[in-house]
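Hi everyone, thanks for coming along. Please have a look at the model on the screen, and then I'll walk you through it.

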Amino acid sequence: MTINKTTEDSKLTIALEGRLDTVTAPELEAALKDSLSGVTDLVFDLSALEYISSAGLRVLLSAQKTMNKQGSMVVRGANEDLMEIFDVTGFVDILNIE
Amino acid sequence: MEELTLDAKVEHLDQVLALVDGLLEKRDCPMKTQMQIDVAVEELFVNIANYAYTPQTGQATVRARLLDEPSAIEVTLIDSGMPYNPLAKEDPDITLPVEERPIGGLGIYMVKKSMDKVHYEHKDGQNVLTFLKCL
């Protein structure tokens, strides 16, 4: 998985590419830990993400919980297959998906 | 039928997925179905790797075969660890608001929801979990 971070004032965009699974989710968790301080506007760009398992969902949920305290979070570009997973798990209701 | 026995460690997930995906390539399986199957394999194998033999490690066996009429794949995961039926776990409440959502507990739920049949038995000292997905 590739993690691309773009910062613009207090807005952070994280573009994910590849697979967000048991093996790669800790990398994203670590990247978020290092970079969420002072961020009020978090955007996940998932347009190049091909796969997500529960380990990846956990990291997104955890990010959502953090951002609820300090700003807002948006998930963008998820393909149909990812949307199916968000749907089955009820994540469509708790994430702000565009 | 394809079969693979290896140490139940998260870093071996790739090998397990390669076996299953190799079979799926023989059928014209939609990407969405393949992802659902990969997710199921990942959740079940990682559960074995993380919990079955704690604090030691042990082995897991993965068996997979393609079926006809209707076209389907059947995958079985076997371990000799602590007896544990993951299907007996209560489903998470997926209607809870974000603040009340526990972090975790979604893996098995996704398997149950997206596979066509899931079956567990404890047999000869082994946990045997089988799922079937129509292709």
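Let's start with one residue, L77(B). Leaving aside neighbours within four places in sequence, L77(B) is in contact with L44(B), F45(B), I48(B), A60(B), V62(B) and L129(B). By contact I mean that the C-beta atoms, placed from the backbone, lie within 7 Å.

Before I go on, a word on the source: this is a predicted model, where local features need pLDDT of at least 70 and side-chain atom pairs count only at pLDDT 80 or more, while totals for chains, interfaces and linings use all residues. Residues are numbered from 1 along each chain as its sequence is written, and chains are lettered from A and ligands numbered from 1 in the order in which they are written.

Back to L77(B). The largest nonpolar core has 59 residues, and those touching the most other members are L77(B), A40(B), V41(B), L44(B), F45(B), I48(B) and V75(B). Such a core is a set of buried Ala, Val, Leu, Ile, Met, Phe, Trp, Tyr and Cys residues joined through C-beta atoms within 7 Å. Buried means that 20 or more other C-beta atoms lie within 10 Å of a residue's own, again with C-beta atoms placed from the backbone. Helix 2 of chain B brings the largest share of this core, 11 residues. Helices here are DSSP runs of H or I with at least four residues, strands are runs of E with at least two, and both are numbered from the N terminus.

Now, how many residues does each chain bring to the contact between A and B? Chain B gives 23 residues and chain A gives 20. On the chain B side, helix 2 (31–52) and helix 3 (107–114) each supply at least two residues. Helix 2 of chain B gives the most, with eight residues.

Over to chain A, which has four helices and four strands. Along the sequence, the pattern reads β-β-α-β-α-β-α-α. The four strands form an open sheet in the order 1-2-3-4, with mixed pairing; two strands pair if DSSP finds at least two bridges between them. One pair to find is K11(A), whose bridge partner in strand 3 is D41(A).

How values were computed
Contact = placed C-beta atoms within 7 Å. Buried ≥ 20, exposed ≤ 12 C-beta atoms within 10 Å, placed from the backbone.
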